[in-house]
Amino acid sequence: MRRSRTAAGLLLALAAIGGCATQLAGKALPVTPARSPSSTVVAAPPPEPTPAERAPCPYLDAGFVEQTNGQRVGKTRISADEPHPACFFYRPDGDEQLRVQVVVDVDPATARALVDRAVPVDTSDPATLPGGWEGGKQPTDSGAVFAVHKDGAAVIVVSNQRQTIKVSRVAERVITALSL
């Protein structure tokens with residue numbers, strides 16, 4: 001008898017903990033949905049941008065990039081992404097010095113996933129910009145990354161320079177230029 005009471009108590013506890021409705025002794029237990037950060041569905045971010053054609057960046061001036069990133073711009077390429085192409089700025093020797101990706105009109109979870117891919121929460125420092133933009137920043141082996149999101153928009157800036165203040169200033173300029 002003692003075992004059956006213990007087993008019944010254990011089943012009742014497991015049913016309550018697991019959030020399952022179980023028929024036990026003629027009484028149904030209420031269903032309680034499990035809530036935890038790990039149960040959140042995360043949207044997949046769009047693929048990394050790739051340069052498609054040589055053209056000026058429609059929202060970021062090469063002169064500003066030279067001044068802010070501290071290197072001359074040899075050429076600029078843009079991706080085929082719409083409505084805002086990603087912009088790639090290259091040094092005169094052909095190496096990429098700065099990349100900017102702007103994604104708009106996506107669901108907030110997708111914008112956040114894009115930022116989290118660029119600056120993982122586990123390795124980056126928190127970053128904010130005026131107007132409610134949130135994300136992260138971090139130096140990398142090859143430079144620095146600054147990425148922020150707000151509602152259904154994200155701005156990611158990657159530089160070959162390790163100072164996150166530089167990529168932060170570029171992100172601010174892009175957000176202002178596009179009135180995001």
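Trainee: How many helices and strands are there in the chain?

Mentor: The model is a predicted one. From the N terminus on, its elements run α-β-β-β-α-β-β-β-α-β-β-β-β-α. The chain therefore holds 4 helices and 10 strands.

Trainee: What share of the residues in the chain is buried?

Mentor: A residue is counted as buried when its relative accessible area is under 20%. The chain has 180 residues, and the buried ones make up 37%.

Trainee: Which residue of β10 stands opposite valine 100?

Mentor: Strand β6 covers residues 96-103 and strand β10 residues 153-159. The two run antiparallel and are joined by 6 bridges. Opposite valine 100 stands valine 157.

Trainee: Which residues of α3 are buried?

Mentor: The buried residues of α3 pack against β6, β8, β9 and β10. They are Thr110, Ala111, Ala113, Leu114 and Val115.

Trainee: Which residue of β6 stands opposite phenylalanine 88?

Mentor: Strand β4 (residues 75-78) runs antiparallel to β5 and is joined to it by 4 bridges; there, phenylalanine 88 is the bridge partner of arginine 77. Strands β5 and β6 also pair in the antiparallel sense, over 4 bridges. In β6, the residue opposite phenylalanine 88 is arginine 99.

Trainee: Which glycine takes a positive phi in the hairpin of β5 and β6?

Mentor: This hairpin has 5 residues between the strands. The phi in question is near 95°, and the residue is glycine 94.

Trainee: Which buried residues point one way from β5, and which the other way?

Mentor: Four residues of β5 are listed here, Cys87, Phe88, Phe89 and Tyr90, and all are buried. One way point Cys87 and Phe89; the other way point Phe88 and Tyr90.

Trainee: Which cysteines does the disulfide join?

Mentor: A disulfide is a covalent bond between the sulfur atoms of two cysteines. A search of the whole structure finds 1 disulfide. With an S to S distance of 2.1 Å, it joins cysteine 57 to cysteine 87.

Trainee: How many residues apart in sequence are the parts that this pair ties together?

Mentor: Cysteine 57 lies in the loop between β3 and α2 (62-69), whereas cysteine 87 is in strand β5 (residues 87-90). The pair therefore ties together parts whose separation in sequence is 30 residues.

Trainee: Is the disulfide of cysteine 57 and cysteine 87 right-handed or left-handed?

Mentor: Cysteine 57 is buried, at a relative accessible area of 10%, and cysteine 87 is buried at 0%. The torsion about their S-S bond is about 75°, so the disulfide is right-handed.

Trainee: Why are the buried residues of α2 placed on the same side of the helix?

Mentor: The buried residues of α2 are Phe64, Val65, Thr68 and Asn69. They are on the same side of α2 because the arc they cover around the axis is only 105°. What covers them includes β5, β6, β10 and α4.

Trainee: Which residue caps the N-terminal end of α2?

Mentor: A side-chain oxygen of the capping residue lies 2.9 Å from the backbone nitrogen of glycine 63. After α2 comes glycine 70, with a positive phi near 80°. The residue that caps the N-terminal end is aspartate 61.

Trainee: Is glycine 135 buried or partly exposed?

Mentor: Glycine 135 is found in strand β8. Residues that it touches include Val115, Asp125 and Ala147. Its relative accessible area is 26%, so glycine 135 counts as partly exposed.

Methods:
Residues numbered from 1 in each chain as written. Predicted model: local features only at pLDDT ≥ 70, side-chain atom pairs only at ≥ 80, totals over all residues. Heavy atoms only, no water. Pairing = 2+ DSSP bridges. Disulfide = S-S within 2.5 Å. Buried < 20%, exposed > 50% of the residue type's maximum accessible area, 1.4 Å probe, protein only. Arc of directions from axis to C-beta. Contact = heavy atoms within 4.5 Å. Polar contact = N/O pair within 3.5 Å; in protein donor to acceptor, adjacent residues only side chain to side chain. Lists of a residue's contacts leave out its neighbours within four places in sequence.
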